[in-house]
Amino acid sequence: MTDERIGTMDLCRKDGVSFLRFHEWSGLTGFSHAFSTREGGVSEGYFSSMNLSYYLGDREENVDENYRRFCAAAGFRTEKLVSGAQVHETRIREVGLTDCGQGVTDRSVREEADGLCTNVPGVTLVTYHADCVPLYFIDPVRKCIALSHAGWRGTVANIAGITVETLRSRYGSRPEDLIAGIGPCICKDCYEVDETVAEKARLLPIGLSGILFEKGNGKYLFDLARCNRDLMIRAGMDADRITLGGVCTMCRGDLLYSHRGTGGKRGVHGAFLRIDESSPNGNERKEGKTQ
Ligand SMILES: [Zn+2]
């Protein structure tokens, strides 16, 4: 199914739908993850074509069809998806079976949360991105997961460290057991920020060399992915267990939506993460035969 490598991620194609997965996690059993691309959906105009948001003005029936196609190809079940309203803050919400569908098939309720966590197999966490960083966390020992959305606000508010702490307090996870993946996001060379952002970044409990680069005239380049990685390490995680996707949403505007690259005229990607239901014999569900 895999036919191309982008950064450190595999670009997988199935039934016209493409999605990215961390190559380093290809041998990982018991958990499934993916990041959608623009390819394989039915949305039109600047939503073209795999927009996964109901809240940006796209036609509802198109988004429904996009979810159907994406889940069939990537091996997820639409009725098991859970998402929240992302508000660039740091709340990590614990979800379970009764929350399934929220924000996707059931849009009557949508709680504010920029991060989701669960220890319930089958429950599929979904966050939305178009430049902002998806942070995937797996604890293979305690069998729990978390998925967070980190734009610059979430990053400088240390949502990465807060997610690690949430897994520790809710499920007893030891930071050194966690593995993490930092998915497609805007790269340092594409992400110029001003003094407001730099000032907040300087308050973080990590060094910023290799993360924040001064350009002059109050402008900086900000490496969101590395910043989140260093915050995970600061929270006790092992550097060797953190994989950087190395895929830029703006450099790859042909394949991915970029907020900055389009002045906001774009759809969104979904980041997906699940503990497989039939684990450790979970390979069946990985191949997308669950519908
Ligand atoms: Zn870039």
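**Notebook: helix 1 and the zinc site**

I looked up burial in helix 1 first: Asn62, Val63, Asn66, Tyr67, Phe70, Cys71, Ala73 and Ala74 are buried (under 20% relative accessible area; exposed is over 50%, partly exposed in between; 1.4 Å probe, protein chains only). They cover an arc of only 165 degrees around the axis, which puts them on the same side of helix 1; the arc is taken from the directions from the helix axis to the C-beta atoms.

I note that this is a predicted model, where local features need pLDDT of at least 70, side-chain atom pairs count only at pLDDT 80 or more, and totals for chains, interfaces and linings use all residues. Residues are numbered from 1 along each chain as its sequence is written, and side-chain values use heavy atoms, with hydrogens and water left out.

Helices (H or I, at least four residues) and strands (E, at least two) are DSSP runs, numbered from the N terminus. Gly75 follows helix 1, with a positive phi near 85 degrees.

Next I checked the zinc ion. Its protein donors are Cys187 (SG), Cys190 (SG), Cys248 (SG) and Cys251 (SG), 2.2 to 2.3 Å away. Donors are N, O and S atoms within 2.8 Å of the metal (3.2 Å for Na, K and Ca); water is not among the atoms, so sites may look incomplete. The spacing along the chain is C-x2-C-x57-C-x2-C. Cys187 lies in the loop between strand 11 (179-182) and strand 12, and Cys248 in the loop between strand 15 (242-244) and helix 6 (259-262), so the pair ties together parts 61 residues apart in sequence.

Cys187 is partly exposed at 22% relative accessible area; Cys248 is buried at 8%.
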